[in-house]
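Thanks for coming. Please have a look at the model first.

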Amino acid sequence: MKFRKFLAAGAGAALAFTLAACSGGGAGSETDSTGGGDGGEMTEGGLIGVAMPTETSERWIADGDAVKSGLEAAGYEVDLQFAADDIPTQQQQIDNMITNGADALIVASIDGTTLSGQLAAAAEAGIPIISYDRLINETENVDFYVSFDNFEVGVQQASSLLVGLGVLDKDLNETGDEGPYNIELFAGSPDDNNAGFFFNGAMSVLQPYIDSGVLSVPSGQTAFDQVATLRWLQETAQKRMEDILTATYVGTDTTLDGVLSPYDGLSRGILNALEFTGGYPATIAEGMPIVTGQDAEIASVKLIADDVQFSTIFKDTRKLAEQSVTAAIAYLNGEEPEANNTTDYDNGVKIVPSYLLESDIVYADNIQELLIDSGYWTEDEVASGQAS
């Protein structure tokens with residue numbers, strides 16, 4: 001594919017910027033929510049379209065802010081759009097970015113299979129396409145993928161569950177505790193390619209313990225299509241947890257010991273169900289089941305600090321944003337961005353060259369080290385459970 005190159009002499013300058021720490025501010029307020037740029041003058045660098053799935057998650061707001069800040073610091077105009085988890089809206093937004101002359105697209109898709117028409121039009125116009133965190137599937141017109149090692153994220157989630165139960169210590173060595181422990185499983189949205197990686201990574205750790213009898217899943221719901229949560233919605237996870245509790249646990253002698261949750265928003269819904277439907281106490285020390293998570297959302301970080309949620313996975317989205325900016329600039333300078341994985345991310349049409357970042361398990365005792373000392377959250381934000 002022949003990409004359009006920026007004409008400005010500064011387009012090839014080294015990337016130098018500082019990405020702001022996450023905040024809950026309205027990242028999409030600077031552009032029209034239905035797509036298109038703001039009509040202002042083009043900067044020397046050119047225009048880059050950034051399509052994010054939703055503003056209902058603080059994680060995606062932070063991602064949008066970080067990508068926009070990084071691109072602007074490097075001299076580019078940015079058309080940042082959020083699609084309210086509505087597929088036609090995201091399609092329209094990307095159509096408008098192409099029409100308005102975007103030189104590159106960075107896309108975090110709602111459904112990784114629904115953008116083929118838009119991406120074909122982008123490819124025809126010579127626009128490089130970077131898939132951001134969620135792999136875009138079933139099209140040849142995706143040039144690069146930036147994400148975390150999502151299988152490893154699932155491994156970390158399952159490992160932290162086993163740490164909370166006491167089967168592993170925090171160095172992930174077996175303690176000799178053979179349980180048995182009752183757990184339930186949740187997965188992410190079936191239209192998000194990452195959800196399968198998270199679940200498969202987790203099950204690679206949990207399945208041997210299920211097979212040996214250390215773990216049991218009393219509901220019997222262990223297949224991905226049984227445990228998936230459409231659109232990653234908290235209320236959907238809460239309702240399913242309530243149904244499982246009512247059918248399997250409430251009024252019986254069966255006690256739930258832990259829940260594999262792949263995302264903090266789902267975790268909060270699960271915890272609500274455990275307390276108000278299951279009748280479990282408010283803290284882990286008092287008997288709340290071990291619940292995992294992902295994304296280090298500030299509300300859940302506070303729950304971890306308060307001994308309610310046990311763990312989350314910290315994916316430093318500032319690094320993810322930086323890598324997407326680096327990849328976009330490489331393409332627009334006629335270069336290939338650095339990939340560290342060229343084998344694992346098959347979108348159904350091609351293996352997409354990828355750059356994968358590392359993630360960390362957050363427990364109550366390393367919030368300071370991982371989240372506060374790094375500037376991701378402040379002490380006041382953790383104490384209040386709200387972004388400033």
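At roughly what angle do the axes of α4 and α5 cross? The axes come within 7 Å and cross at roughly 40°. Axes here are lines fitted to C-alpha atoms, for helices over the stretch in contact, and angles run from 0 to 180 degrees between N-to-C directions. Angles under 35 degrees count as roughly parallel, over 145 as roughly antiparallel, 65 to 115 as roughly perpendicular, and the rest as oblique. So α4 is oblique to α5.

Before going on, some housekeeping. This is a predicted model, in which local features need pLDDT of at least 70 and side-chain atom pairs count only at pLDDT 80 or more, while totals for chains, interfaces and linings use all residues. Residues are numbered from 1 along each chain as its sequence is written, and side-chain values use heavy atoms, with hydrogens and water left out.

The protein has twelve helices and twelve strands. These are DSSP runs numbered from the N terminus: helices are H or I with at least four residues, strands are E with at least two. Of the 388 residues, 55% are buried. Buried means under 20% relative accessible area, exposed over 50%, and partly exposed in between, with a 1.4 Å probe and protein chains only.

Back to the helix pair. Residues of α4 including Phe151, Val155 and Leu162 meet residues of α5, among them Phe197, Leu206 and Tyr209. Contact means heavy atoms within 4.5 Å. By class, this contact has twelve nonpolar, eight polar and no charged residues. Ala, Val, Leu, Ile, Met, Phe, Trp, Tyr, Cys and Pro count as nonpolar, Asp, Glu, Lys and Arg as charged, and the others, Gly among them, as polar.

A second pair is α7 and α8. Their axes come within 7 Å and cross at roughly 35°, and this crossing is right-handed. Met241 and Leu245 are among the α7 residues that meet α8, where Ile270 and Leu274 are among the partners.

Next, the interior. In soluble globular proteins, nonpolar side chains tend to be buried together. A nonpolar core is a set of buried Ala, Val, Leu, Ile, Met, Phe, Trp, Tyr and Cys residues joined through side-chain atoms within 4.5 Å. The largest one here has 51 residues, and Leu185, Leu206, Leu215, Met241 and Leu274 have the most contacts inside it. Elements that each supply at least two of its residues include α4, α5, α7 and α8. The most comes from α5, with eight residues. A second, separate core of 29 residues includes Met52, Leu71, Val78 and Ile329.

Last, two single residues. Where is asparagine 347? The loop between α10 and β11 holds it. Asparagine 347 is buried, because its relative accessible area is 2%. Leaving aside neighbours within four places in sequence, asparagine 347 is in contact with Leu135, Asn137 and Val352, among others. Glutamine 323 sits in helix α10. Glutamine 323 counts as buried because its relative accessibility is 13%. Not counting residues up to four places away in sequence, glutamine 323 touches Val146, Glu338 and Tyr355.

Methods: Left-handed = near helix turned anticlockwise from the far one by under 90°.
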